[in-house]
Amino acid sequence: MTAEMTTRTSMIRGPEPEWWYRDLVSCLQATFGTVLARAGVDPLSVLGASWRFLHLPGDIRSEEFYYPCVPDAAGEIDLGAALAPHHELHARWWQPADEDDVWQEVRRTLAEDRLVIAAVDNFHLPFRPAYGDVHAAHLVVVYGLDETRGVVYVSDAMPPAFRGAVPIGEFLRSWGSLNPADWQDAFFSASQIGRRCLDVRLDATPAPLTPELLGGYLRADIEANASGIAARTGLAGFDAFTKELLERCRAGDADALTELYPFGWAMQAQASLHGELLRRCGRQWDDPQLAGAGRAVELVAHAWTGLRFTGAHGLPDPKAAASDIAHHTTALRANYARAYDAVGAAADRL
């Protein structure tokens with residue numbers, strides 16, 4: 001009996017995972033930040049090291065954790081490499097291989113003392129404000145499983161923040177939800193959860209961040225932002241994205257605004273973290289120009305708020321919202337241009 005109970009309980013070792021959160025990030029960065037923090041790595045130095053505008057037409061999904069990823073040479077998607085291209089961070093989606101025992105992979109990962117990031121539907125999780133009300137795709141961290149007591153241990157840094165036990169039955173409903181279309185959340189519903197999980201690995205400890213190392217990151221990003229042809233990157237990519245967005249709005253295409261919200265959050269979160277990192281490094285290294293570049297990138301992040309929320313409120317009538325959308329895209333483009341100039345100047349000196 002004792003042996004059976006032992007095999008049915010899987011927990012990470014040591015303390016519960018800490019919450020990692022910033023106001024402008026989504027559950028994607030929050031969960032990755034939690035994993036990195038538990039590995040003893042500063043999440044901001046990894047998740048904030050890169051800043052690239054990237055829009056992939058036709059790729060956007062209605063999930064809070066959407067992030068544009070270009071497939072590698074083998075056609076594989078590596079979400080970790082997309083989030084942190086300057087580090088050995090890797091993340092791949094998986095689903096249970098055996099429908100008769102969906103916990104196999106979770107048990108194995110926890111036994112290796114590693115966290116699991118699981119996709120869920122907020123509608124079925126008792127600690128989420130949307131519980132029993134709104135369907136929405138979300139990510140949480142799983143750090144324990146007690147099949148004897150019938151609970152899963154979950155950590156969620158996104159407000160209102162939760163860490164503790166959830167009944168297995170409710171977690172399974174959330175983890176396996178169809179996440180049907182929900183008029184109360186057009187941006188993160190209508191996307192099947194499918195018991196997806198992320199296997200996240202940091203294959204090398206990041207080197208201490210120095211001005212020379214950061215300068216290399218910035219120059220690599222500048223090159224990446226200028227190299228887009230098939231994908232929309234950099235300022236040229238932004239222009240192509242907004243031109244299409246406005247054309248679709250003027251044609252009354254509500255899907256354009258449905259896609260704007262999750263895509264904009266991905267770009268907003270990335271800019272927010274990069275700006276914070278540059279500002280922090282500028283302060284630590286007594287480099288006001290670098291700190292100013294960080295502030296310029298943070299202004300890009302804040303300008304996304306106006307565009308995203310104008311799009312959300314304009315969803316019932318995209319044609320009527322088009323002029324306000326144009327106003328916000330113009331302001332955001334100006335912020336991008338100033339930030340690219342500031343980061344370029346900083347990169348030339350580092």
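A nonpolar core is a set of buried Ala, Val, Leu, Ile, Met, Phe, Trp, Tyr and Cys residues joined through side-chain atoms within 4.5 Å. Buried here means under 20% relative accessible area, with exposed over 50% and partly exposed in between (1.4 Å probe, protein chains only).

Before you start clicking, note that this is a predicted model, in which local features need pLDDT of at least 70 and side-chain atom pairs count only at pLDDT 80 or more, while totals for chains, interfaces and linings use all residues. Residues are numbered from 1 along each chain as its sequence is written, and side-chain values use heavy atoms, leaving out hydrogens and water.

**Stop 1: the core**

Select Phe32, Phe171, Trp304 and Tyr336. In the largest nonpolar core, which has 108 residues, these four touch the most other members. Now colour helix α9: with 14 residues, α9 gives the most to this core. (Helices, H or I of at least four residues, and strands, E of at least two, are DSSP runs numbered from the N terminus.)

Stay with phenylalanine 171 and show what surrounds it. Leaving aside residues up to four places away in sequence, phenylalanine 171 touches Trp103, Ala118, Val120, Leu125, Val140, Val142, Val152, Val154 and Val166. Contact means heavy atoms within 4.5 Å.

**Stop 2: a serine in a loop**

Next, pick serine 26, in the loop between β1 and α2. Is serine 26 buried or exposed? Its relative accessible area is 4%, so serine 26 is buried. Beyond residues up to four places away in sequence, serine 26 touches Glu64, Met158, Trp265 and Ala269.

**Stop 3: the pockets**

A pocket is found on a 1 Å grid over the protein atoms alone: it is an open set of points where a 1.4 Å probe fits, with protein on both sides within 12 Å along at least five of seven lines, and lining residues have an atom within 4 Å of a point. The space in the largest pocket is about 430 Å³. Helices α9 (254-284) and α10 (288-313) each supply at least two residues of its lining.

For the second largest pocket, select Arg52, Leu54, Val70, Ala81 and Ala82, which lie nearest its centre among 19 lining residues. This pocket holds about 330 Å³ of space. Here α4 (79-83) and α9 each supply at least two lining residues.

**Stop 4: salt bridges**

Side chains of opposite charge can pair when their charged atoms come close. The structure holds 24 salt bridges, each a side-chain nitrogen of Lys or Arg within 4 Å of a carboxyl oxygen of Asp or Glu.

Show arginine 163 and glutamate 16, whose closest N and O atoms are 3.5 Å apart in a salt bridge. Which parts of the chain does this pair link? Arginine 163 lies in strand β7 (residues 162-167) and glutamate 16 in the loop between β1 (9-11) and α2 (27-38), distant parts of the chain 147 residues apart.

Then move to glutamate 247 and lysine 243, a salt bridge of 2.8 Å, N to O. These two are separated by about one helical turn because they are four residues apart in helix α8 (residues 234-250). Lysine 243 counts as exposed at 52% relative accessibility, whereas glutamate 247, at 42%, counts as partly exposed.

Terms used. Points joined across faces, edges and corners; volume = space filled by probe spheres on them.
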